[in-house]
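Let's walk through a protein model together, one step at a time. Have the sequence and the 3D view ready.

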Amino acid sequence: MITENEKISLPKIDWALDALEPYISKEINDLHINKHHVAYVNGYNAAIDALEKAVGKRDLKSVVEIQQNIKFHGGGHTNHSLFWKNLAPVSKGGGKHPDTSSALGNQIVAQYGSVSNLIDITNSKLAGIQGSGWAFIVKNKQNGGALDVVTTANQDTISAPHLVPIIAIDAWEHAYYLQYQNVKLDYFKAIWNVINWAEAESRYSA
């Protein structure tokens, strides 16, 4: 059985549940963090415990099934932990674009012409996700720090070691439905008002 020190836990959230309004409501943040993310944390910890028992019993069928649960819940925890850091209230700099003289700002202008163009491309990728998934703006360490926008299905993460996710956008219905219902394009547009570009800059420059 895994010890308390080996278990994952909900990360510290840097803002109050109502701090992202009117773009993301308090109700959505409460449900998203305290129900959905908590479920990923609990699911991962339970799956790790179950895997240890299945390995001990040499139950190969269960081992394979449990590994899928670990991937799903572990991915959910990883993606959401990045997502919360990617958000900030407007009063704390949310939505403020990176300066063009910064490393990230300069790269965006060089590749896309403007932050607005990069946002439009990201929103187009988000709109193209069928079902549930994520869009990530990533830094390619093998290509001189070039940026790209990639999507993943369900709770799949960015696993390639040369790709560094600097911004993650959740396209699951639970991220927006209470507020935006089936008009997810409005959510994709609104969320950029609370994107923490300073955090993205820090990740890009690390």
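This is a predicted model: local features need pLDDT of at least 70, side-chain atom pairs count only at pLDDT 80 or more; totals for chains, interfaces and linings use all residues.

Residues are numbered from 1 along each chain as its sequence is written, and side-chain values use heavy atoms, leaving out hydrogens and water.

Start at helix H1, residues 26-57; helices here are DSSP runs of H or I with at least four residues, numbered from the N terminus. H1 has 32 residues and reaches 45 Å from its first C-alpha to its last, close to the 46 Å expected (1.5 Å times one less than its number of residues). Just after H1 comes Arg58, with a positive phi of about 55 degrees.

Now zoom out. The domain assignment, which is automatic or from a database, gives domain 1 (26-88) and domain 2 (91-205). Their contact (heavy atoms within 4.5 Å) takes 19 residues from domain 1 and 26 residues from domain 2.

How much area do domain 1 and domain 2 bury between them? The answer is about 1,900 Å², 64% of it on carbon and sulfur atoms; this is the accessible area (1.4 Å probe) that the two parts lose on being put together, summed over both. Ile28, Asn86 and Ala88 supply 32% of the area that domain 1 buries against domain 2, more than any other three residues.

Finally, look for charges: one salt bridge is found across this interface (a side-chain nitrogen of Lys or Arg within 4 Å of a carboxyl oxygen of Asp or Glu).

Key. Helices (H or I, at least four residues) and strands (E, at least two) are DSSP runs, numbered from the N terminus.
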